[in-house]
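Please view the sequence and the model together with the text.

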Amino acid sequence: MHNGVVWALPSDLTIKVFSLLDTQSLCYAAAACSFFQNCAADPACYVDIDLITVVPRVNNAVVATMVQRAGKVPQSLKLGCVPGPLASSSGSSQPLVNCIRKSTDTARFSWNDKRSRQGKESSILTRSCLAPLSANGESTPGACLRRLHLYNIERLDSTSLTAALSACPSLLDLEIVGLNVESRQTLESISTFCPLIERIFFESSKTGRDDSLKLPTCNDLVNNCPHLSSLSLRGFRLHDYKARVLIKGFRKLRYIDFSTSYSITGAFLKNLGGGSASGSLLQVLILRDCMHLKEVEVARFLEAVLAGDFGHLNYLDISNREGLVSEGDRNHRCYSPSFIPVARLLDERPNLCVLAEFPLEGSFNDIEFDSGDMDSEMNLPSHLIMSTSDSSASFMSISESSYSSDPSSGSDDSSSGYDESSDDVDHVSI
Amino acid sequence: MVEDDFTFIPLSNIDIETLIKIIEYMKKHAEKTDSKEEDIKEFNKDFVKKTLNELFVLVLAANYLHINSLMKLLCQSIADRVNDKTPEAIRNIFNITYDFTPEKGKDY
């Protein structure tokens, strides 16, 4: 009775307020009093379920409860562990894969990301954690799910993921980081079950070693998922001809991130993006740390850009901590961005931002210190060339600096924060 | 029902102070043009700097009057005060008593 006096809102308005809370705060509110607990059980509060934690703390039962409470309305489900302060989907170029840390018992643990205490052993998500999405026979909770983000759930395997995807025909946005799943199987499942998909962010847990992706899968994906506008495949062994199939096939593709891919040389960019060709809608192209990316292919690509191709391109990232592959000898690396025609690009494509960070040659053997800026021993003096054009607030930045190992906090769906003048960069919103 | 150039709308459950605040809000938002967006954002920020009880009364009034934008603003500001708080903190701030019987009440 007392609570009704101090909290003057009836249940429908309380539910409205609660539906604006993040998931963890919702649970805390539910624990405050019985009235709050009742309100917090309303499906309207579970449209967006965010169970991302810094250390493992959420187990299957929690997921099941949330999904069940959401009834038929869950639209977004985020699950898993992300190290550091980042709790939302990341556009940063540092891989998010991490091994789940060993849990130790502590007296009580707080939900505060900044004070990351370690949770109890039972707080592990197992392979059946997504089973609630397929529950209930015909009217599955997953039917309305639009967004599914999964991070570092070690025990989730391809079979379970496929089962979950089969329950989510309305899926628009899928993020998978650090799961023990193969690219071929996962992308096959997506093409079979999620025809409406618009965004795929897929980062391998076995950097460079997964080359299961084959041409038929690329073709299936392209044929069954025509609405895809954002594709990120990071850390896979991706060959040029497969990349080409993907880019040519997705008519609405605007955002590509193939960072840390092995095998691609850049040849897939040849003769794409002219006029009405597919690939011409491309706005963002990120090829960070692609070990086999050739300087000559990038140069050829930039010539095409200057000739007018890729008219919508506004962000290109070819930074590489090991430089690009030089002409001829594969063992010789190019560390200088001098092949980039800076002046002409500024002139003819002022809206384009190019990010090309390379280490100084021999930097890993010869560590030099500059009393100026350095965060760690690996940082070397950086030379930044910037110029802005008056008409738009975008520009080009090229730096010859050592690759900083500190992950910058990636903001949702935007480009990497390594660009030091990121305030002015045109961010692509997806 | 319009009679003689004016319409009666019963407002028996809204006191005069609250009504004045609502009218203040409506006036400001009626001036909305593209150039005034920043201005309106500032106004919104200051508008919600009220005590919890004032917010409650305003929400109930806005709900009754079906003013959706005001509802959204007020619900969000109340939610902001509940967000990121432990159950104990919530009970302290909102002066709520723990009223679970021993079986209920679980923490996540």
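## Strand pairing in chain A

Strand 2 of chain A and strand 3 (residues 147-151) of chain A pair in the parallel sense over 5 bridges; strands pair if DSSP finds at least two bridges between them. In this pairing, A:Arg147 of strand 3 of chain A is the bridge partner of A:Ser76. Strands (E, at least two residues) and helices (H or I, at least four) are DSSP runs numbered from the N terminus.

Strand 2 of chain A also runs parallel to strand 1 (residues 48-53) of chain A, joined to it by 6 bridges. Here A:Leu51 stands opposite A:Leu79. From strand 1 of chain A the chain passes through helix 5 (residues 60-70) of chain A to strand 2 of chain A, a right-handed β-α-β crossover (with the strands pointing away from the viewer, the path from the first strand over the helix to the second runs clockwise).

## Burial of strand 2

Strand 2 (residues 76-81) of chain A is largely enclosed by the rest of the structure, because 6 of its 6 residues are buried (under 20% relative accessible area, 1.4 Å probe, protein chains only). A:Ser76, A:Lys78 and A:Gly80 point one way, and A:Leu77, A:Leu79 and A:Cys81 the other.

## Basis of the model

The model is predicted: local features need pLDDT of at least 70, side-chain atom pairs count only at pLDDT 80 or more, and totals for chains, interfaces and linings use all residues. Residues are numbered from 1 along each chain as its sequence is written, chains are lettered from A and ligands numbered from 1 in the order in which they are written, and side-chain values use heavy atoms, leaving out hydrogens and water.

Notes:
Buried means under 20% relative accessible area, exposed over 50%, partly exposed in between (1.4 Å probe, protein chains only).
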